Amino acid sequence: MNNPKNIENQIMVIFGASGDLAYRKLIPAIFDLFENKLLPKNFAVLGVSRSEISDKAFREKMKKGIKEFAHYKDSKDDVIDVFLSKLSYLSMDTGDGNEYGALKKRLSEIDAEHGTDKNYIFYLSTPPQLYSKISKFLYGQGLNLQRKGFRRIIIEKPFGHDLQSALDLNKELLDFFDDDQIYRIDHYLGKETVQNLMVTRFANGIYEPLWNRNYIQHVEVSAAESIGVEGRGGYYEEAGALRDMVQNHLMQLVALIAMEPPTKINAEAIKYEKMKVFQALHPLSESDLKQNVIRGQYSASKIRGEAVAGYRQEKNVDKKSRTETFFAMKFFIDNWRWAGVPFYIRTGKRLPTRVTEIVIHFKPSPQQLFCGNDNDNQLILRIQPDEGILLKTGMKMPGSGYDVKTVNMDFHYTDLDDHYIPEAYERLILDCMIGDSTLFMDGPASEETWKFVQPILSYWENNDNAPLYGYPSGTWGPEKTDSLIEGENQQWRYPCKNLSDDGIYCEL
Ligand code: BG6
């Protein structure tokens, strides 16, 4: 974690404080920072949302969230209570500019009470339609001005719904805050193992010489989830897997795998290298859209004997919905390092297990000296849940002849003596408090990834009969996904088998 020695006293204002994110992630993460002694000496949280509840009721609710979701959930009550004394709550309609005078007043009071030196962070954990409005109303009260203390604003994904809305949103935000005040969260960047991608590549001399088109056959990025939409049907209907996971999280992983070494480890240098990758993404042609993009939707099935609802049976989901809960794609990056190397990405809900991993498939040895050697060298970077790194390499089986077997060289983070892995939000909130934007998204990069995926969105929108494949919950998505992978004997890595045999794969 960042060294917080220079961390300044401050208030964090959470808009949307009665929502799920504050309850499950933000407050538990801030509490973990408190337990890890990483918060500034003087610190306060102001929760803001429409629900009319008292400070006391807000604290009680947050206590429950801490006890369920914090790493230090078993902390003693009196310790949690010390933390909770830093929390207050303001009920207001955040969509009404007239109410921001009261917010400013309340902030001054808290500031005077806690000695937080007029440093404010505004965390927008609200529906995205409110991002511009809230920024504008804060601006209207001069709460963007950094004359007396710092002012930062954190925005949650989604940053826009498509290319045009992303361009509009970035433009509007910049009307009210300077670029270096805006922190766009992509929580994947806060994951310890995602940061480790850079360390694996650039702290070791052995990988980088092989990390290119001469030695790599293809790259696979998978983010599988076993859960369904879990009561978020309303949101998901508008989003779908492409907007929810690919445009942001998966494209960020691709950038970290594909980028050139940055000149330094700082926000500017890393953003510059990532941007070059996004700009080099080969634009998708009409034939790519037809052949190299696959979308699916989970259907009802039985997992381990238990009936599981299909997506169309979920709450707030249209019975005829064509929203994708699974997405897979093949694409290329047009530059010297990656020309001709296929990148495959896939993500989906209600797959057999939760796993996010990157698989680097190396080319076979140039001469097949050993008969029947089908050894496939792979480097697997496991982002979650069993964080670690695995190298698959060929080895001689003991005995006569030369039987080659693929064996694993495997490292698990749990093997480290001290393996406290901070939650992504813990790391990102702390970085924002310190003013370090290295692990945040920048506006132009987000626009560039929207530019890449926009043809897919437009194609689906304009072609009612673009295929949407059904897949039974508990399976690895539409069977057709296998056909994306080029090359003899090549297939996706399946960390475990399908859990459901019933249900039918079909075109919806
Ligand atoms: C969120 C998506 O951004 O990421 C969710 O909105 C998804 O739909 C989640 O479940 C996955 O995050 P993680 O950290 O569990 O891989």
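Reply: Start with the nonpolar core. The largest one has 147 residues, and Leu103 and Phe331 have the most contacts inside it. Helix H8, residues 233-258, provides the largest share of this core, 13 residues. Keep in mind that the model is predicted.

Me: Which residues does Phe331 touch, apart from those up to four places away in sequence?

Reply: Phe331 touches Met251, Val254, Leu281, Leu284, Val341, Pro342, Phe343, Ile345 and Phe452.

Me: How many cavities of 30 Å³ or more does a search of the whole structure find?

Reply: The search finds 4 of them. The largest cavity holds about 60 Å³ of space.

Me: How does the lining of the second largest pocket divide by class?

Reply: A pocket is an open set of points, whereas a cavity is one from which the probe cannot get out. The second largest pocket contains about 520 Å³ of space. Its lining has 22 residues, and those nearest the centre are Asp374, Asn375, Asp376, Asn489 and Gln490. The classes are 4 nonpolar, 12 polar and 6 charged.

Me: How many disulfides does the structure hold?

Reply: A disulfide is a covalent bond between the sulfur atoms of two cysteines. The structure holds 0 disulfides. The cysteines can still be read by their accessibility. Cys432 is buried, because its relative accessible area of 0% is under the 20% limit. Cys496 has 26% relative accessibility and counts as partly exposed, since that class lies between 20% and 50%.

Me: Is Thr356 buried or exposed?

Reply: Thr356 lies in strand E13, residues 355-362. With a relative accessibility of 1%, Thr356 is buried, because buried means under 20%. Leaving out residues up to four places away in sequence, Thr356 touches Tyr188, Ser222, Ala223, Leu253, Leu381, Arg382, Ile383 and Gln384.

Me: Where does Pro385 lie?

Reply: Pro385 is in the loop between strand E14 (378-384) and strand E15 (388-396). Its relative accessible area is 43%, so Pro385 is partly exposed. Apart from neighbours within four places in sequence, Pro385 is in contact with Arg354 and Val355.

Me: How many residues apart in sequence are Glu426 and Asp32, and what is their C-alpha to C-alpha separation?

Reply: The two are 394 residues apart in sequence and 7.2 Å apart in space. Glu426 is found in helix H11, residues 424-434. A relative accessible area of 0% makes Glu426 buried.

Terms used:
Residues numbered from 1 in each chain as written. Predicted model: local features only at pLDDT ≥ 70, side-chain atom pairs only at ≥ 80, totals over all residues. Heavy atoms only, no water. 1 Å grid on protein atoms, 1.4 Å probe; cavity = no way out; pocket = protein on both sides within 12 Å on 5 of 7 lines; lining within 4 Å. Points joined across faces, edges and corners; volume = space filled by probe spheres on them. Core = buried A, V, L, I, M, F, W, Y, C linked by side-chain atoms within 4.5 Å. Buried < 20%, exposed > 50% of the residue type's maximum accessible area, 1.4 Å probe, protein only. Helix = DSSP H or I, 4+ residues; strand = E, 2+ residues; numbered from the N terminus. Contact = heavy atoms within 4.5 Å. Disulfide = S-S within 2.5 Å. Nonpolar A, V, L, I, M, F, W, Y, C, P; charged D, E, K, R; others polar.
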